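Please look at the structure first, and then follow each answer step by step.

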Amino acid sequence: MSDTTAEPTGSLTSESPDRPTDDVELAVDGLVKRFGGITAVDGATFEVESGSMTGLIGPNGAGKSTTFNCITGIHEPDAGTVTFQGEDITGIRPYQCAEYGLVRTFQIAREMANMTVLENLMLPAKRQRGEALWRSVLPVTRREVVREERELLERVWDSLEFFEIQHLAEEKAGTLSGGQRKLLELARALMTDPEMLLLDEPFAGVNPTLEKKLLEHVHDLREEGYTFLIVEHDMDLIMENCERVIVMHQGSVLAEGAPGAITSNERVIEAYLGGEV
Ligand SMILES: Nc1ncnc2c1ncn2[C@@H]1O[C@H](COP(=O)(O)OP(=O)(O)OP(=O)(O)O)[C@@H](O)[C@H]1O
Ligand SMILES: [Mg+2]
């Protein structure tokens, strides 16, 4: 235990983090978020292991989405810390998240709804590529630009084919069905080359065949080392696919552990699962 004064939050100069990160990808500690009289998140504390697929479950209004919003800078927490890969990112701006490799799926915003599916996928990938340091110091040749554009388009088409939405490439995103939008949202998040993905109900409205395919893709990505934190109401899906489950209730963590331990946890059964098990 260290008795030195507290480190400033948001420090970017963590050559040697003061606390070993082990294999913890994301740590949330004592997170609090209030909206007027409502305490949406009330001291939530949990860790997500690197390379894991972790489920975040809990009844409606438990504070799951608000927790995601605090982690990714949509909301500034009233208290608590968020640590990603050993670095304090509490109060990060949303646009900084992708730079850290932490990405959540977003609903297709109004301005994106008027762009085609293809354009929606090109944009995040381009933004990411534009951040490469060498671009600001080396002259870019015509050949490089053409090659990169072609590679980018190949990646986008691979993604379209994988998600089976290539026939929608030229459609405006705003005209897609609910399930198709979910696919596009996930495909867009992946275009930024993240290391960790936060998925808030990624399968809602997706038909069972596509859901299965999406899950296979998520498992493949996990084997490559990506980390997933998934909010989902489909209990079977969570229990079958996640090696670790965190249960939120009234803004804090009620229980966490392996799926088997969660389904047999008395407090979880009482507060959430009710008579289902
Ligand atoms: N922007 C906001 N302004 C006011 N209250 C909010 C806001 N966002 C969330 N809340 C409230 O905070 C509480 C937690 O909501 P949150 O959306 O985080 O729950 P959730 O666990 O994601 O629920 P669900 O499973 O229904 O999506 C709820 O009481 C909700 O009404
Ligand atoms: Mg929610």
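Q: What makes β2-β1-β4-β5 an open sheet with antiparallel pairing?
A: In this predicted model, the four strands stand in the order β2-β1-β4-β5 with antiparallel pairing, and the edge strands β2 and β5 (87-88) each pair on one side only. Helix α1 packs on this sheet, where it touches β1, β2 and β4, and its direction makes about 110° with that of β1.

Q: How do you know that β1 and β2 count as paired strands?
A: Two strands pair if DSSP finds at least two bridges between them, and β1 (residues 24-35) and β2 (residues 38-49) are joined in the antiparallel sense over nine bridges, so the pair meets the condition. One place to look is alanine 27, whose bridge partner in β2 is glutamate 47. The hairpin formed by β1 and β2 has two residues between the strands, and glycine 36 there takes a positive phi near 55°.

Q: How do you know that β4 pairs with β1 and with β5?
A: At least two bridges are needed for a pair. Strand β4 (residues 79-84) pairs with β1 in the antiparallel sense over five bridges, with valine 82 in β4 as the bridge partner of valine 28. Between β4 and β5, which also run antiparallel, there are two bridges, and since the condition reads "at least two", that number is enough. In β5, glutamate 87 is the bridge partner of phenylalanine 84.

Q: Why are β6 and β10 said to stand at the edges of their sheet?
A: The open sheet in question has six strands in the order β6-β7-β8-β3-β9-β10, and its pairing is mixed. Both β6 (102-104) and β10 (252-257) have a single partner strand, so one side of each is left without a neighbour in the sheet. From one strand to the next, the twist averages 20°. Helix α1 packs on this sheet too, touching β3, β6, β7 (196-200), β8 (227-231) and β9, and its direction makes about 145° with that of β7.

Q: What makes β3 and β9 a pair, and in which sense do they run?
A: Strand β3 (residues 53-57) and strand β9 (residues 244-249) are joined by four bridges in the parallel sense, and because at least two bridges are required, they count as paired. Isoleucine 57 has valine 247 as its bridge partner in β9.

Q: Is histidine 249 called buried or exposed, and why?
A: Histidine 249 lies in strand β9. A residue counts as buried if 20 or more other C-beta atoms lie within 10 Å of its own; histidine 249 has 20 other C-beta atoms within 10 Å, so histidine 249 is buried. Leaving aside residues up to four places away in sequence, histidine 249 touches Gly58, Pro59, Ala62, Leu254, Ala271 and Tyr272. Histidine 249 and isoleucine 57 are 192 residues apart in sequence, and 8.7 Å apart in space from C-alpha to C-alpha.

Q: How do you know which residues surround ligand 1, and of what classes are they?
A: A residue is near a molecule if its C-beta atom lies within 6 Å of it. The residues around ligand 1 include Phe35, Ile38, Gly58, Asn60, Lys64 and Thr66. The elements that give two or more residues to this shell are β2 and α1 (64-71), and α1 provides the largest share, three residues. By class, the shell has four nonpolar, six polar and one charged residues.

Definitions and conventions:
Residues numbered from 1 in each chain as written. Chains lettered and ligands numbered in written order. Predicted model: local features only at pLDDT ≥ 70, side-chain atom pairs only at ≥ 80, totals over all residues. Nonpolar A, V, L, I, M, F, W, Y, C, P; charged D, E, K, R; others polar. Contact = placed C-beta atoms within 7 Å. Axes fitted to C-alpha atoms, helices over the stretch in contact; angles between N-to-C directions. Buried ≥ 20, exposed ≤ 12 C-beta atoms within 10 Å, placed from the backbone.
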